[in-house]
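Subject: Model for you to look at

Hello,

Here is the model I promised to pass on. Please open it alongside this note, and read on for what turned up.

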Amino acid sequence: MAQAFAAALTASLPAPAASPAPVAPTHEAIPPSMAKVIDIEAEIPLHTVQLDGMVVAKIIKHAREAPSTTAHGLLLGLDLDGTLEVSNSFPLPQHSGEDEDKSAKMIARYQGSMLRSLKEVQADDSVVGFYQAATLGAFFNQSLIDTQAIHQEKLRHGGIVVVHDLSQTARGNASFRAFRLTAAFLSAYKKSSFSTSSLINHRLTFSSILEEVPLKIRTNPLLSSFLGTLTKSCRSPLSDATPDGMTELALPPSFSMLDSGTTGVTRNLEQIIEAIDNYRTEEGNVAYLTRQIARERTRADNYVAKRKEESQARVAQGLAPLPEEDVTRLFKIPPEPSRLESMLLLGQIDGLAKSLAGTSSTGLVKMYGASASG
């Protein structure tokens, strides 16, 4: 699915247009007061991501209604004076169980149709990134890396990925974080080189794959007024209501935060164990391939040393030395295995461990509060 999603974005994102012949400008010059804000050449680096309140609501709604935790979609907006303002978003469809090529074409057609429709109604239709739903802080995966790499190559400022944590939202904390790939990782990704020596040269670990960009949420006056009405009490329409029930809130209170159950901790531990098992399996595969490479190289070195000794013996006897042979044609030495999957699994384990630490500490405080009140 990672390749299908990446292929769909490649087909639908705007390709760099050929530079037209220079013509004499007919527009008026940009006022000096706006020259520093309007970044035509994309020279001002991004330092903040700003999500509109409507975008936050749409992402939460999509993540809750999606059949799995793989809900993803595109972010639309513009960059202004170093701030990436995300004003709209729309979800991308999921096509599970279908051919990857067919699924990629369907996603590309849907995305192109949505962008054309937004342009017709004069809404923001510039893709500035995408969002991805995750659970328990484990958002490191190949699909996210491939998609963000395409964005950083094609989009104006490289684009960002907004990660929405479903488990945090279920506990009453709307979790949104913005990331983009680091320059060191992008350099290794373009070369498709994630061998041990490449990781050392680029100083790459799982913590240096993505860099976080500060994110803030903006609400317009209309949305603020609507949220204000949810917290105001109104008179009950029931005529026989008790004095305590004469008023009620438009949004009933939720006491889920007081739940001291261990369901979240149990699930978190299960996810950590599964991620560790996957990491051990991946490391076992890498170790097996490394031993196989070492055996083939030893055979090649022994063969070269034997040929060299025979050539020296022939020269001592006054004969012509043996002709040189291409060792790579005689011995198929496999390439060094990629360590990217291992790094991504370590990133998942780290995210799950941090989520477990937060969940367990909150549960501990609740248990102390319950015992004190009893």
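Start with Glu296: its relative accessibility is 17%, so it counts as buried. Buried here means under 20% relative accessible area, exposed means over 50%, and partly exposed is in between (1.4 Å probe, protein chains only). Glu296 is found in helix H10. Leaving aside neighbours within four places in sequence, Glu296 is in contact with Phe331, Lys332, Ile333 and Pro334. Contact means heavy atoms within 4.5 Å.

Some ground rules. This is a predicted model, in which local features need pLDDT of at least 70 and side-chain atom pairs count only at pLDDT 80 or more, while totals for chains, interfaces and linings use all residues. Residues are numbered from 1 along each chain as its sequence is written, and side-chain values use heavy atoms, with hydrogens and water left out.

**Overall**

The protein has 12 helices and 10 strands. Both are DSSP runs numbered from the N terminus: helices are H or I with at least four residues, strands are E with at least two. Of its 374 residues, 34% count as buried. Take the contacts with a separation of 6 or more: 73% of them join residues 24 or more positions apart.

**More on H10**

H10 covers residues 263–316 and includes Ser311. Ser311 is buried, at 15% relative accessible area. Not counting residues up to four places away in sequence, Ser311 touches Pro321 and Leu322. Gln271 also lies in H10. At 28% relative accessibility, Gln271 counts as partly exposed. With neighbours within four places set aside, Gln271 is in contact with Leu136 and Leu352. Gln271 and Leu352 are 81 residues apart along the chain, yet their C-alpha atoms are separated by 7.3 Å.

**The cores**

A nonpolar core is a set of buried Ala, Val, Leu, Ile, Met, Phe, Trp, Tyr and Cys residues joined through side-chain atoms within 4.5 Å. Which residues touch the most other members of the largest one? They are Phe185 and Ile209, in a core of 31 residues. Several elements each supply at least two residues of this core: strand E2 (72–80), helix H4 (100–120), strand E4 (127–134), helix H5 (142–154), strand E5 (160–165), strand E6 (175–181), H7 and helix H12 (340–373). Domain 1 (48–224) and domain 2 (260–369) both contribute, so the core lies between them. The domain bounds come from an automatic or database domain assignment.

**H7**

Helix H7 runs over residues 183–190, with Phe185, Leu186 and Ala188 buried. Seen down the axis, the buried residues of H7 fall within an arc of 165°, so they line one face of the helix. That arc is taken over the directions from the helix axis to the C-beta atoms. The face of H7 turned away from the buried side carries the exposed residues Ala183 and Lys190.

Phe185 deserves a look in the viewer. Beyond its neighbours within four places in sequence, Phe185 is in contact with Ile145, Phe194, Leu204, Ser208, Ile209, Leu340 and Met343.

**E4 and its partners**

In E4, 8 of the 8 residues are buried, so the strand is largely enclosed by the rest of the structure. E2 and E4 run antiparallel, joined by 5 bridges. Two strands pair if DSSP finds at least two bridges between them. Leu75 has Gly129 of E4 as its bridge partner. E4 also pairs with E5, in the parallel sense, over 6 bridges. There, Gly129 stands opposite Ile160.

E4, H5 and E5 make a right-handed β-α-β unit. Right-handed means that, with the strands pointing away from the viewer, the path from the first strand over the helix to the second runs clockwise.

**Positive phi**

Most residues other than glycine have a negative phi. These are worth checking:

- Gln122, in the loop between H4 and E4, has phi near 60°. At 76% relative accessibility, Gln122 is exposed.
- Arg203, in the loop between helix H8 (196–202) and strand E7 (210–213), has a positive phi of about 55°. Arg203 is exposed too, at 73% relative accessibility.

Best wishes
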